[in-house]
Amino acid sequence: MSSPVSPQAEIQRLLALLDNKQFKKAIDAARQLLTLNPNAPLLHLVLAMALAGDQQFDAAVSHYRKALALKPNWFEALNNLGVLYQKQGKLSDAAESFLAAQKVNPAHSEVQKNLCAVLPALSGGLYIDRKSTRLNSSH
């Protein structure tokens, strides 16, 4: 009889699948693990990453949101969600997500780089309220 695989080993296997761009296998494995533990934010995050890699953007957004519902203010989920929105051309949503990530970890260079890429591309009617780090309409 074989011993059960540890959750950490399963996550490492999923991350290896992602690194090797085996997105469909990662999606299947993550979904299977989520049936056993549907409230695991890390599994939702990994599934979202795999779905995004497989160009299933709407499903990826859904799982990033589930991860954030289970673990609010999670930098990695917020930043990754912003990157996905940016890829979709949803720059206002991307900026909101990046600003939320920046609020969680202000010194992180990746989120600052992401903000610098998105904010200038936003056209008219938007500004950053530096006190609340929220995007607001100027109208």
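**Figure 1. His-63 sits in helix α4, which spans residues 57-70.** The model shown here and in the other views is predicted. With a relative accessibility of 11%, His-63 counts as buried, because buried means under 20% relative accessible area. The side chain of His-63 is joined to that of His-44 by a polar contact of 2.9 Å. Apart from neighbours within four places in sequence, the residues in contact with His-63 are Leu-34, His-44, Leu-47, Ala-48 and Leu-51. Of these, His-44, Leu-47, Ala-48 and Leu-51 are also listed among the α3 residues that meet α4, and the next view turns to that pair of helices.

**Figure 2. Helix α3 (residues 41-53) packs against α4.** The two axes are 8 Å apart, and the packing angle is about 165°. Angles over 145 degrees count as roughly antiparallel, and α3 and α4 are therefore roughly antiparallel to each other. The crossing in which α3 passes α4 is left-handed. On the α3 side, the residues that meet α4 are Pro-41, His-44, Leu-45, Leu-47, Ala-48, Met-49, Leu-51 and Ala-52. On the α4 side, they are Phe-57, Ala-59, Ala-60, His-63, Tyr-64, Lys-66, Ala-67 and Leu-70.

**Figure 3. Helix α4 also meets α5.** Here the axes come within 10 Å and cross at roughly 160°. It follows that α4 and α5 are roughly antiparallel to each other. As α4 passes α5, the crossing is left-handed. From α4, the contact involves Phe-57, Asp-58, Ala-60, Val-61, Tyr-64, Arg-65 and Leu-68. From α5, it involves Ala-77, Leu-78, Asn-80, Leu-81, Leu-84, Tyr-85 and Gln-88.

**Figure 4. Helices α5 and α7 cross at roughly 25°.** Their axes come within 11 Å. Angles under 35 degrees count as roughly parallel, so α5 and α7 are roughly parallel to each other. The crossing of α5 past α7 is left-handed. In α5, the residues making the contact are Phe-75, Asn-79, Val-83 and Gln-86. In α7, they are Glu-110, Val-111, Asn-114, Ala-117 and Val-118.

**Figure 5. Helix α7 (residues 109-118) has the buried residues Val-111, Asn-114, Leu-115 and Val-118.** What covers them includes α5 (75-88) and α6 (91-104). Val-111, Asn-114 and Val-118 are among the α7 residues in contact with α5. The face of α7 turned away from the buried side carries Ser-109, Lys-113 and Cys-116, which are exposed.

**Figure 6. The protein as a whole has seven helices and two strands.** Read from the N terminus on, the order of the elements is α-α-α-α-α-α-α-β-β. Among contacts between residues at least 6 apart in sequence, 42% join residues at least 24 apart.

Methods:
Residues are numbered from 1 along each chain as its sequence is written. This is a predicted model: local features need pLDDT of at least 70, side-chain atom pairs count only at pLDDT 80 or more; totals for chains, interfaces and linings use all residues. Side-chain values use heavy atoms; hydrogens and water are left out. Buried means under 20% relative accessible area, exposed over 50%, partly exposed in between (1.4 Å probe, protein chains only). Helices (H or I, at least four residues) and strands (E, at least two) are DSSP runs, numbered from the N terminus. Contact means heavy atoms within 4.5 Å. A polar contact is a pair of N or O atoms within 3.5 Å; within protein, one must be able to donate a hydrogen and the other to accept it, and residues adjacent in sequence count only if both atoms are side-chain atoms. Axes are lines fitted to C-alpha atoms, for helices over the stretch in contact, and angles run from 0 to 180 degrees between N-to-C directions. Angles under 35 degrees count as roughly parallel, over 145 as roughly antiparallel, 65 to 115 as roughly perpendicular and the rest as oblique. A crossing is left-handed if the near helix is turned anticlockwise from the far one by less than a right angle, and right-handed if clockwise.
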